Amino acid sequence: MFKKLFMMWIGVLMGTGFIQSGYAQEKIIWPYISHYPVFICEGEKLTGGIGLDIYKTLWANMPAYEHKFIILPIKRTIEDMKNGEHYLFYGLYKTPEREAILHFSIPCRISPPAMFVIRKDELKNFGGDAPVSLREILKNKNLRFLKFSSVSFGVEMDKIVKEFENEKHVYTEHRTDDMIVFSLELLLRKRVDYFASLNGTVFKAKELGILDQITLIPIKERMDYEVGYITAPKNEWGKLMIEKVNAILRKEIPSEKFFNFFKPLLPEDKLPELRKQYEEHILKPAKE
């Protein structure tokens, strides 16, 4: 009799929702930063971007967990993960220092190298669309170069630009906000003739409807594509999560949908090269 009453009570609890599958779901925090176009924000609210697309793809494949995101500086995110917080963060590049304290997924972010952005109707002034040497083009004092003081393009490019930064044809801009829009405006108003693309330059040009007025030329000193990863704390929880994430990525990366996340990074004429690099640096590791 007691057993029968007990089972009836359990049934009532289940029926009212007090006992149900997933009632105490484990929470995963997915940090983000305002970093166009990986994470597109309105104020502090995450509204779009490649990172959000990939977060949503992962969430759809992890229904057993409660997913939350929070805006945090990269430095704070890494420090929290070092201390074991249950974070999964998209987009980081590898460094020896980070590998010592974080678990990394297989590659799932691809970043084109910086390229010269010029007005499309002046392509002949740069010798066509073949790769151009930064040092050689900076010797041409008839072409005005835009340099942002707050942006680094790597040791080699920074060193070359520094050699010419006091020349009259090198225009240095010190602003740190709306740099992409500002640089495109200066270019199309013919205040400058070229600059090195920022992360999201093409993405923004598409949004503004001016992509047909510009073109990109590879820079000889910076031809390599970079890859990024999803990271987790370097503990047993992080190891388990990265194993789950990798299983999802291996399923999703071969799809055209996943490649399409990155297409807005480059104009149409550069997409064949993007696909080639994607297949080598993203698809190949996913199939290994």
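This is a predicted model: local features need pLDDT of at least 70, side-chain atom pairs count only at pLDDT 80 or more; totals for chains, interfaces and linings use all residues.
**Sheet**
I began with the open sheet of 5 strands and read its order as β10-β9-β11-β8-β12, with mixed pairing. β10 (170-173) and β12 are the edge strands; each has a single partner, so one side of each lacks a neighbour in the sheet. From one strand to the next, the twist averages 30°. I then looked at β8 and β11, which run antiparallel and are joined by 2 bridges. Val 117 sits opposite Phe 195 in β11. Helix α7 lies across β8, β9 (145-148), β10, β11 and β12, and I noted an angle of about 165° to β9.

**Helix α8**
Which residues of α8 (201-208) are buried? I found Thr 201, Val 202, Phe 203, Lys 204 and Ala 205. They pack against β2 (40-42), β8 (115-119), α7 (179-188), β11 (194-196) and β12 (214-218). Just past the helix, Gly 209 has a positive phi of about 75°.

**Aromatic rings**
My search of the whole structure gave 17 aromatic pairs. Tyr 32 and Phe 69 have ring centres 5.6 Å apart and planes at 85°, so I logged the pair as edge-to-face. It links strand β1 (Tyr 32) to strand β4 (Phe 69), 37 residues apart. Tyr 32 is buried at 5% relative accessibility, whereas Phe 69 is partly exposed at 38%. Phe 145 and Tyr 194 make a tilted pair, 5.0 Å between centres and 45° between planes. This pair links β9 to β11, 49 residues apart, and both residues are buried. I also noted one aromatic cluster whose members include Trp 30, Tyr 32 and Phe 69. Lastly, Arg 275 lies over the face of Phe 259, 4.1 Å from the ring centre.

Conventions:
Residues are numbered from 1 along each chain as its sequence is written. Side-chain values use heavy atoms; hydrogens and water are left out. Buried means under 20% relative accessible area, exposed over 50%, partly exposed in between (1.4 Å probe, protein chains only). Helices (H or I, at least four residues) and strands (E, at least two) are DSSP runs, numbered from the N terminus. Contact means heavy atoms within 4.5 Å. Two strands pair if DSSP finds at least two bridges between them. Axes are lines fitted to C-alpha atoms, for helices over the stretch in contact, and angles run from 0 to 180 degrees between N-to-C directions. Rings of Phe, Tyr and Trp (its six-membered ring) pair if their centres lie within 6.5 Å; planes under 30 degrees apart count as stacked, over 60 as edge-to-face and the rest as tilted. A charge sits over a ring if NZ of Lys or CZ of Arg is within 6 Å of the ring centre and within 35 degrees of the ring normal.
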